[in-house]
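Thanks, everyone. Please have a look at the slide.

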Amino acid sequence: MKAKAILHQPLQVVNIGLSLLEEALKQQDVDTINISWRPPRQINLSPRILEILSKMEPEERQ
């Protein structure tokens, strides 16, 4: 399929772990597959990433 043809097809999205994106896509009636995912706790995250995660709402971290 040529690139221009793709742009004229209905949008289909795979959303991985982003609830805000999921809500925005639903409001626009976009065909979406949602995968609940979060990084494994065993990985070593940088202090900056840990700081950002600590400020997120509990449901956003799950």
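Glutamate 51 is partly exposed, at 34% relative accessibility. For these classes, buried means under 20% relative accessible area, exposed over 50%, and partly exposed in between, with a 1.4 Å probe and protein chains only. This is a predicted model, in which local features need pLDDT of at least 70 and side-chain atom pairs count only at pLDDT 80 or more, while totals for chains, interfaces and linings use all residues. Residues are numbered from 1 along each chain as its sequence is written, and side-chain values use heavy atoms, with hydrogens and water left out.

What does glutamate 51 meet in a salt bridge? One partner is arginine 48, at 3.4 Å, N to O. Lysine 55 is another, at 3.2 Å, N to O. A salt bridge here is a side-chain nitrogen of Lys or Arg within 4 Å of a carboxyl oxygen of Asp or Glu. Arginine 48 and glutamate 51 are about one helical turn apart because they are three residues apart in helix α3, residues 47–55. Lysine 55 and glutamate 51, also in helix α3, are four residues apart and so again separated by about one helical turn. The shared partners join Arg48, Glu51 and Lys55 into one network. Lysine 55 is exposed, at 60%.

The count of salt bridges by this rule is three. One of them pairs glutamate 22 with lysine 26 at 3.1 Å, N to O. Both residues lie in helix α2, four residues apart, about one turn. Glutamate 22 is partly exposed at 22%, whereas lysine 26 is exposed at 52%.

Now the overall layout. The chain has four helices and two strands, in the order α-β-α-β-α-α from the N terminus. Helices (H or I, at least four residues) and strands (E, at least two) are DSSP runs, numbered from the N terminus. Of the 62 residues, 8% count as buried.

Next, the nonpolar surface. Val14, Ile16, Ile33, Ile35 and Trp37 make a nonpolar patch of about 500 Å². Strands β1 (12–16) and β2 (31–35) are the elements that give two or more residues to this patch. Patches take residues with over 30% relative accessible area and no salt bridge, joining like charges within 9 Å and nonpolar side chains (Val, Leu, Ile, Met, Phe, Trp, Tyr) within 5 Å. Areas come from the Shrake-Rupley method with a 1.4 Å probe; for residues, only the protein chains shown count as cover.

Last, a backbone detail. Aspartate 29 is not a glycine, yet has a positive phi of about 55 degrees. Aspartate 29 sits in the loop between α2 (19–27) and β2.
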